[in-house]
Amino acid sequence: MAPKNTVIFVTCEMMLITLVFTLLSSSLASSSSTTTTTPPFKKIYAFGDSYTDTGNTKTSTGPTAFNHVSNPPYGRTFFHHPTNRYSDGRIVIDFVAEALSLPFLPPYSNPKADQSHGVNFAVGGATAIRTGFFLKNNVTFNLVPQSLQSQLVKFNKILGSKGCKDMKTTPKECKAIFGDALIWIGEIGANDYTCSIGSPVPTKKIQALAINSATGFIQALLNKGAKYIVVQGLPRTGCVSYSFALASPEDRDDMGCVASMNRIAYTHNVALKAKINLLRKQYPQSVIVYADYYNAHLEVLKNAKKYGFKEQYKACCGYGGGEYNFDVFITCGSPSSTSCPNPSQYINWDGAHLTEAVYKIMTNFFINGSYCTPPFHYLLTKKLQSG
């Protein structure tokens with residue numbers, strides 16, 4: 001029989017976990033909520049592409065198809081001005097920061113920003129595979145010279161400035177950084193497939209290289225000492241207006257989305273999850289959570305009316321009206337484009353990215369719902385147990 005003090009310890013621990021969940025739920029319910037509960041993490045380091053970028057890309061540096069992110073109406077819903085986020089307002093990483101009672105993550109490209117609570121290295125248009133591979137194979141469609149590797153190089157500069165090389169040679173310095181840090185790896189890989197459309201490079205090769213690159217990236221962070229990692233899979237890339245513009249009208253699935261693009265995203269995620277499972281066995285001291293972007297996205301699409309959305313596939317901000325309101329040559333933010341009066345009724349924002357309303361729902365799915373494996377509360381429990 002366990003001693004009485006063991007029961008008391010468990011009870012107190014569960015009370016602490018309950019307080020954290022109250023914090024997370026209230027923070028998502030209202031962006032202005034405040035609490036005296038100590039945040040479970042002191043900082044977040046984020047990586048990825050435009051779905052996670054909080055300002056590293058500007059109109060002059062972003063992917064050519066969406067090269068107007070610095071112009072209105074981007075940012076109109078929450079910030080009321082463009083912030084170089086690919087949405088009408090906040091994105092998933094913003095809601096994660098709010099839920100953890102942390103400030104919005106500053107982009108790495110702003111050297112004057114306060115980095116004491118973390119940094120965001122995600123870049124719009126970034127690929128999982130090194131850009132040199134694409135250039136070598138003459139794949140330049142919509143290509144941005146940024147990848148996971150370039151983001152890792154920038155992160156290593158910050159780690160080096162704090163004396164962290166890796167857990168073998170500088171364990172004390174690395175523990176000081178990663179002990180209270182959440183690593184958020186946003187979706188990455190969609191651009192690898194998109195920029196390869198029409199090229200002679202087989203999709204299977206792109207998948208193998210993208211998965212190996214992502215896995216190597218995660219492993220590099222684990223070797224540095226990362227303990228708490230969330231990895232987002234790909235969303236249903238065939239359900240955004242951009243995919244409809246690129247694919248044949250016959251290439252559709254039972255949801256009316258581009259079947260080939262969704263198959264690519266699905267198989268990519270299956271391969272990614274398998275690699276994550278192997279990493280969990282190799283690094284049992286760390287918690288690696290897989291965030292199921294694909295099925296979270298599907299849940300919103302299938303139950304659009306339930307979540308308050310009137311438009312599943314039509315872009316709120318774009319050009320041309322019609323079924324999708326999208327023209328690849330006149331995208332959101334360009335002089336001839338227009339935007340809908342109520343973005344919260346739309347799932348698609350600019351034809352490739354989602355609205356703030358969708359990102360808020362998905363963040364709730366990840367943090368408080370069943371779209372993370374293991375659940376996000378398991379990661380929190382481990383963090384609380386570690387002190």
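**Figure 1. Both faces of strand S4 are covered in this predicted model**. Tyr228, Val230 and Gln232 lie on one side, and Ile229 and Val231 lie on the other; all are buried. Buried means under 20% relative accessible area, exposed over 50%, and partly exposed in between, with a 1.4 Å probe and protein chains only. In a regular strand, side chains alternate between the two faces of the sheet. Strand S4 covers residues 228-232, and five of its five residues are buried, so the rest of the structure largely encloses it. Strands (E, at least two residues) and helices (H or I, at least four) are DSSP runs, numbered from the N terminus.

**Figure 2. Strand S4 pairs with strand S3**. The two run parallel and are joined by four bridges. Strand S3 spans residues 181-185. Leu182 has Tyr228 of S4 as its bridge partner. Two strands pair if DSSP finds at least two bridges between them.

**Figure 3. Strand S4 also joins strand S5**. Here five bridges link the strands, which run parallel. Strand S5 holds residues 287-291. Val230 stands opposite Val289 in S5.

**Figure 4. The setting: a protein with 12 helices and eight strands**. Of its 387 residues, 55% are buried. The C-alpha trace spans about 70 × 45 × 45 Å along its principal axes.

**Notes.** Residues are numbered from 1 along each chain as its sequence is written, and side-chain values use heavy atoms, without hydrogens and water. In this predicted model, local features need pLDDT of at least 70 and side-chain atom pairs count only at pLDDT 80 or more, while totals for chains, interfaces and linings use all residues.
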